Amino acid sequence: MVATTKTNRNQRGNSEGERGRTHFNQAEYFIARTLTMLLERQPSLLPILEEFACFDAETLKHSLDVGQITARTLNSCAESFSFPIPSEEIVPHIEAAFFEGTFHDVGKSIIDSKGPKESRIALYPELIEGNGHATPAQLEIIARHAPLGAQMLTILNKEGLLPIEFAPNVIKSAEDHHKKPPDLQRTHNKGEMILLEPQSQIDTLKQTIFVLSDMAEAMRAPRTSRNYYAFPPHTITQVLSAECTDFLIRGILGDGSADSLTIARFRDQIVGYVMKALENLDGVVSQRDYNLQDLPMNGFDWRPVNLEQGVILPKLSEEVWKIVSESGEI
Ligand SMILES: [Fe+2]
Ligand SMILES: [Fe+2]
């Protein structure tokens with residue numbers, strides 16, 4: 001894989017005029033800004049992000065949003081004077097959360113063993129069926145994206161397909177993002193949930209915020225599986241609050257005997273931070289049809305073409321499914 005560098009688009013004859021588009025909606029500007037921030041930190045990610053954008057704009061937007069919400073929520077926790085975990089313990093996880101969120105759903109691009117194109121079709125069964133609902137069998141196929149994503153990133157590292165390595169925490173997040181910390185109820189997820197082992201305060205906090213951010217972003221998006229219905233903020237707040245059980249809050253507080261008033265205050269604080277991060281992302285409700293072709297990327301030569309021309313995702317799909325068929329398990 002050729003290392004990607006920050007280049008001037010005009011040097012390659014890609015003036016705005018030739019690209020043909022000069023107006024972008026607010027959500028597209030947000031995507032461009034977030035991608036630019038990521039690429040500033042790690043330019044080698046450009047090829048895989050381009051292919052991920054070709055796979056499905058909605059999944060890319062959701063993933064970038066989850067990274068942003070998680071990072072911003074952790075930042076709010078670190079800035080709070082009354083937070084039970086010291087800021088120096090939280091701060092190192094903020095940057096990491098940004099990358100973890102971006103790649104947590106990457107396994108969706110290979111949920112069908114035939115490849116990314118077929119996986120995109122499998123990801124939206126309601127569009128094929130036309131009744132707005134997925135069958136349990138279809139949901140089961142979608143649910144395997146977490147372990148598949150972790151495998152993908154592991155192989156990416158092993159085969160050296162990019163001139164960078166994904167850190168273990170990014171792979172672990174892809175693997176664990178549908179697992180719950182003890183007692184966190186995933187009411188929105190119909191798949192089977194696996195309990196995580198009891199963790200330290202900071203790990204419980206991180207996992208909780210990740211899960212809540214993923215849930216909140218999914219709820220605010222007008223998903224086709226809900227016939228484009230998007231949940232209003234007050235409903236999202238209620239659901240997130242219900243997820244944060246007393247047991248879980250006590251785990252984050254590190255105080256098994258915390259009283260109910262302390263727990264209620266802390267629950268409101270955490271959920272409030274997630275909701276603030278969610279509301280500050282962009283003013284446009286999500287939609288399926290972002291045009292990611294000509295994003296104003298401030299110097300990065302962003303060129304998602306189409307899914308058929310992808311190299312990395314098809315290769316990873318082949319490798320991962322070879323392992324799955326040999327081992328017989330996902
Ligand atoms: Fe997921
Ligand atoms: Fe997700």
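Colleagues, I begin with asparagine 298, which lies in the loop between helix H15 (260-279) and helix H16 (312-327). Helices here are DSSP runs of H or I with at least four residues, strands are runs of E with at least two, and both are numbered from the N terminus. Asparagine 298 has a positive phi of about 50 degrees, although it is not a glycine. Most residues other than glycine have a negative phi. Asparagine 298 is partly exposed because 15 other C-beta atoms lie within 10 Å. On that scale, a residue is buried with 20 or more other C-beta atoms within 10 Å of its own, exposed with 12 or fewer, and partly exposed in between, the C-beta atoms being placed from the backbone.

The model is predicted: local features need pLDDT of at least 70, side-chain atom pairs count only at pLDDT 80 or more, and totals for chains, interfaces and linings use all residues. Residues are numbered from 1 along each chain as its sequence is written, while chains are lettered from A and ligands numbered from 1 in the order in which they are written.

Let me turn to the chain as a whole. Its secondary structure comes to 16 helices and zero strands. Of its 330 residues, 40% are buried. Among contacts with a separation of 6 or more, 76% join residues 24 or more positions apart; a contact requires two C-beta atoms, placed from the backbone, to lie within 7 Å. The mean pLDDT, the predictor's confidence in each residue on a scale from 0 to 100, is 85, and 85% of the residues reach 70 or more. Over residues 1-17 the pLDDT is below 50, and this stretch has 24 contacts in the model beyond near neighbours in sequence. Residues 185-193 also have pLDDT below 50, with 20 contacts beyond near neighbours in sequence.

I now come to the packing of helices. Helix H2 (residues 26-41) packs against helix H4 (residues 57-79) at an angle of about 65 degrees, and their axes are 11 Å apart. The axes are lines fitted to C-alpha atoms over the stretch in contact, and angles run from 0 to 180 degrees between N-to-C directions. The crossing of H2 and H4 is left-handed, that is, the near helix is turned anticlockwise from the far one by less than a right angle; clockwise would be right-handed. Ala27, Ile31 and Thr34 in H2 meet Lys61, Leu64 and Gln68 in H4. These contact residues divide into three nonpolar, two polar and one charged. Here Ala, Val, Leu, Ile, Met, Phe, Trp, Tyr, Cys and Pro count as nonpolar, Asp, Glu, Lys and Arg as charged, and the others, Gly among them, as polar.

Valine 66 is also found in H4. Is valine 66 buried or exposed? Valine 66 counts as buried because it has 27 C-beta neighbours inside 10 Å. Leaving aside neighbours within four places in sequence, valine 66 is in contact with Gly101, His104, Ser213, Asp214 and Glu217. Valine 211 is 145 residues away in sequence from valine 66, with 9.2 Å between their C-alpha atoms.

In helix H6 (residues 92-103), the buried residues are His93, Ala97, Phe98, Phe99, Glu100, Gly101, Thr102 and Phe103. Their cover includes H2, H4, helix H5 (87-90), helix H10 (145-159), helix H11 (168-176) and helix H12 (201-220).

Next, the interior. A nonpolar core is a set of buried Ala, Val, Leu, Ile, Met, Phe, Trp, Tyr and Cys residues joined through C-beta atoms within 7 Å. The largest has 75 residues, of which Met152, Leu153, Ala174, Ala216, Leu240 and Val274 touch the most other members. Beyond four places in sequence, alanine 216 touches Ile69, Ile236, Leu240, Val274 and Leu278.

Finally, two residues that touch one another. Cysteine 244 sits in the loop between helix H13 (233-243) and helix H14 (246-253), and counts as buried because of its 23 C-beta neighbours inside 10 Å. Not counting residues up to four places away in sequence, cysteine 244 touches Ile249, Arg267, Ile270 and Val271. Isoleucine 270 lies in H15 and is buried, with 23 other C-beta atoms within 10 Å. The C-alpha atoms of isoleucine 270 and cysteine 77 are separated by 7.8 Å, although the two are 193 residues apart along the chain.
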